[in-house]
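Subject: The structure to look at

Hi,

Here is the structure I promised to pass on. Have it open while you read, and my notes on what turned up follow below.

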Amino acid sequence: MKIKSLFNVFSLILIITFVSCEGLVVKKESKSLDDKLIAQADIPTVETNTSTIKELISYDIAFEELNKIVQSSEYATKFNGTKSYTVFAPLNGAFKKLPEGIIEKLIEEKNEEKLSDIMNCHIISGTINEQDIIKAINDGGGSVKLRTLGGTRLIASRKRGKIYLIDKNGNAGRLMKTDIEASNGMIHTLETVMLPKK
């Protein structure tokens, strides 16, 4: 009788322990896209290599102005595909340096050619990370010309450990946050909009 009672007590303890352990299992919650504000300088990089370039640009508020151009151009499709690109992505503050209303005007007029010309100044075919650029600058004796999709050649150089890009018009901009990885390429944020030659 005692053995049977002990067995029942032991079984009850096992069941309680099992249920308690089950309750301790913490489900890993997946972060929503809105939580990944990876372009902000004060927010640490998160793993984003499962998102496309288009997705990263569309859900990060730091790319709000750039996203307007992407959505109004052929790059809405290109940046969501499998072909690899490196994008020097101007932040919202970069667009504020342009004449007021110029981007809105181009978008409203559906001037896809001019929008593409601007976008093409910021895109290189293939994936290039920060170390690749630094190596090219060092190999080039302090600067290197990066050929963009639009045929524009941006000059990349370093100053006080930071990478700067200069377009054909002499506009210079610093890379702010580098090596934001996407499933189809790489994003480096930029403080100035690069423009085609006037």
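Predicted model: local features only at pLDDT ≥ 70, side-chain atom pairs only at ≥ 80, totals over all residues.

H6 provides the largest share, with 4 residues.

Next, have a look at the aromatic side chains. How many aromatic pairs does a search of the whole structure find? The search gives 2. One is Tyr75 with Phe79, a tilted pair with 5.0 Å centre to centre and 35° between the planes. Phe79 also pairs with Tyr85, this time edge-to-face, at 5.8 Å centre to centre and with 70° between the planes. These ring pairs link Tyr75, Phe79 and Tyr85 into a cluster.

Phe79 counts as buried because its relative accessibility is 0%, and Tyr85 counts as buried because its value is 4%. The cut-off behind this is that buried means under 20% relative accessible area.

**A helix with two sides**

Now go to helix H8 (residues 130-139). Ile133, Ile134 and Ile137 are buried there. They sit on the same side of H8, because they cover an arc of only 100° around the axis. There is a handy rule to remember here: an α-helix has 3.6 residues a turn, so residues three or four places apart point the same way. What does the face of H8 turned away from the buried side carry? That face has the exposed residues Gln131, Lys135 and Asp139.

**Strands and hairpins**

- S3 (residues 143-147) and S4 (residues 153-159) run antiparallel and are joined by 5 bridges. Val144 stands opposite Ala156 in S4. The two strands form a hairpin with 5 residues between them, and Gly151 in the turn has a positive phi of about 90°.
- S4 and S5 (residues 162-166) also run antiparallel, joined by 5 bridges. Arg158 has Ile163 in S5 as its bridge partner. This hairpin has 2 residues between its strands.
- S5 and S6 (residues 172-174) run antiparallel with 3 bridges between them. Tyr164 stands opposite Arg174 in S6. They form a hairpin with 5 residues between them, where Gly170 in the turn has a positive phi of about 90°.

Along S5, Ile163 and Leu165 point to one face and are buried.

**Two backbone angles to check**

Most residues other than glycine have a negative phi. Which way does phi go at Arg160? Arg160 has a positive phi of about 50°, although it is not a glycine. You'll find Arg160 in the loop between S4 and S5, and it is exposed, with a relative accessible area of 77%.

Asp179 is another non-glycine residue with a positive phi, of about 60°. Look for Asp179 in the loop between S6 and strand S7 (180-182). Asp179 counts as partly exposed because its relative accessibility is 29%.

That's what I have for now.

Cheers

Terms used. Residues numbered from 1 in each chain as written. Heavy atoms only, no water. Phe/Tyr/Trp six-rings, centres within 6.5 Å; stacked < 30°, edge-to-face > 60°. Buried < 20%, exposed > 50% of the residue type's maximum accessible area, 1.4 Å probe, protein only. Pairing = 2+ DSSP bridges. Arc of directions from axis to C-beta.
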